[in-house]
Amino acid sequence: MTADALAVIDTYTTALTWAVRGWYTALAILCAAGAGAVIAVGRLVFDRIGASFTRANQLVNDIQQPRKEKP
């Protein structure tokens with residue numbers, strides 16, 4: 001009787017251990033996916049800011065260049 005009870009407890013704790021491991025694995029995958037999404041959005045935002053800065057810098061350079069007079 002005691003051996004059966006211990007076997008049930010062992011089976012339950014083993015199943016619970018695997019369930020917890022599965023939960024943590026799923027949580028880690030979800031966090032990694034979330035971090036990947038944040039990084040992707042950040043890269044898009046900074047690429048957009050860089051493109052805007054490049055256009056503004058080119059506009060300033062165009063304005064500052066002296067125009068050549070046509071004869």
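Is W23 buried or exposed? W23 is exposed, with a relative accessible area of 58%; buried means under 20%, exposed over 50% and partly exposed in between, with a 1.4 Å probe and protein chains only. The structure is a predicted model, in which local features need pLDDT of at least 70, side-chain atom pairs count only at pLDDT 80 or more, and totals for chains, interfaces and linings use all residues. Residues are numbered from 1 along each chain as its sequence is written, and side-chain values use heavy atoms, with hydrogens and water left out.

**Figure 1. Overall view of the protein.** Along its principal axes, the C-alpha trace spans about 110 × 15 × 5 Å. Buried residues account for 0% of the 71 residues.

**Figure 2. Close-up of W23 and the nonpolar patch.** W23 is placed in helix 1, which covers residues 2–64. Together with Y12, L16, V20, Y24, L27 and L30, W23 makes a nonpolar surface patch of about 790 Å². Patch members have over 30% relative accessible area and no salt bridge, with nonpolar side chains (Val, Leu, Ile, Met, Phe, Trp, Tyr) joined within 5 Å and like charges within 9 Å; a salt bridge is a side-chain nitrogen of Lys or Arg within 4 Å of a carboxyl oxygen of Asp or Glu. Areas come from the Shrake-Rupley method with a 1.4 Å probe. V20 also lies in helix 1 and is partly exposed, at 37% relative accessible area.

Figure 3. Q58 is located in helix 1 and is partly exposed, with a relative accessible area of 43%. The C-alpha atoms of Q58 and Y12 are 68 Å apart, at a separation of 46 residues along the chain.

Key: Helices (H or I, at least four residues) and strands (E, at least two) are DSSP runs, numbered from the N terminus.
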